[in-house]
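The sequence and structure come first, followed by short sections on selected features.

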Amino acid sequence: MRDYDYCEEFSYHMAAVLDRKAKKPKRIRDGRYRVRYRSKEFYMWWKKQSLKTLKPIIERYPVDFLRAFVTGEGSPYRYQVHIYNTDTRLLYLVKELCQGLGIRTGKRLGLNNKKGAKVTFKGRV
């Protein structure tokens with residue numbers, strides 16, 4: 001992660017989920033920050049998750065989800081944020097969440113269905 005504050009907040013929440021002490025982000029060679037946690041229980045839970053199972057949690061905390069999602073997947077451009085992801089169902093959910101919070105979004109998703117290609121979601125805040 002390039003944003004220290006975002007990495008630190010992630011570490012704080014991950015530590016709370018795992019009932020552990022939060023770790024300080026460490027800077028790695030390419031200038032990004034990283035924190036590492038290990039938990040077999042969390043890994044086994046996470047492997048069972050899908051958008052369908054996570055959607056109720058996402059909808060309960062839309063602001064927190066959008067802040068994290070846009071930080072990780074978004075790219076600011078002038079007064080817009082462009083979001084890149086290959087999961088169109090997830091992008092449609094993001095669009096619905098934005099609209100539910102009164103954030104203007106683009107009218108359609110720009111899709112490129114080639115394997116490994118980016119799917120672009122554009123909108124105005």
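## Nonpolar cores

The largest nonpolar core has 13 residues, and Ile58, Phe65, Leu66, Phe69, Val94 and Leu97 touch the most other members. A nonpolar core here is a set of buried Ala, Val, Leu, Ile, Met, Phe, Trp, Tyr and Cys residues joined through side-chain atoms within 4.5 Å; buried means under 20% relative accessible area, exposed over 50% and partly exposed in between, with a 1.4 Å probe and protein chains only. At least two residues of this core come from each of α3, α4 and α5 (88-100). The largest share, six residues, is supplied by α5.

Apart from neighbours within four places in sequence, Leu97 is in contact (heavy atoms within 4.5 Å) with Ile58, Glu59, Pro62, Phe65 and Leu66. There is also a second, separate core of seven residues, with Cys7, Ala15, Tyr33 and Tyr37 among them.

## Basis of the model

The model is predicted: local features need pLDDT of at least 70, side-chain atom pairs count only at pLDDT 80 or more, and totals for chains, interfaces and linings use all residues. Residues are numbered from 1 along each chain as its sequence is written, and side-chain values use heavy atoms, with hydrogens and water left out.

## Overall layout

The protein has five helices and five strands, in the order α-β-β-α-α-α-β-β-α-β along the sequence. Helices (H or I, at least four residues) and strands (E, at least two) are DSSP runs, numbered from the N terminus. Of the 125 residues in the protein, 30% are buried.

## Hairpin and loop

Strands β3 (residues 74-77) and β4 (residues 80-85) run antiparallel and are joined by four bridges; two strands pair if DSSP finds at least two bridges between them. Pro76 has Val81 in β4 as its bridge partner. The two strands form a hairpin with two residues between them, and Arg78 in the turn has a positive phi of about 50°.

Most residues other than glycine have a negative phi. Asp19, which is not a glycine, has a positive phi of about 55°. Asp19 lies in the loop between α1 and β1 (26-27), and counts as exposed because its relative accessibility is 72%.

## Lining of the largest pocket

The lining of the largest pocket has 18 nonpolar, five polar and six charged residues. Ala, Val, Leu, Ile, Met, Phe, Trp, Tyr, Cys and Pro count as nonpolar, Asp, Glu, Lys and Arg as charged, and the others, Gly among them, as polar.
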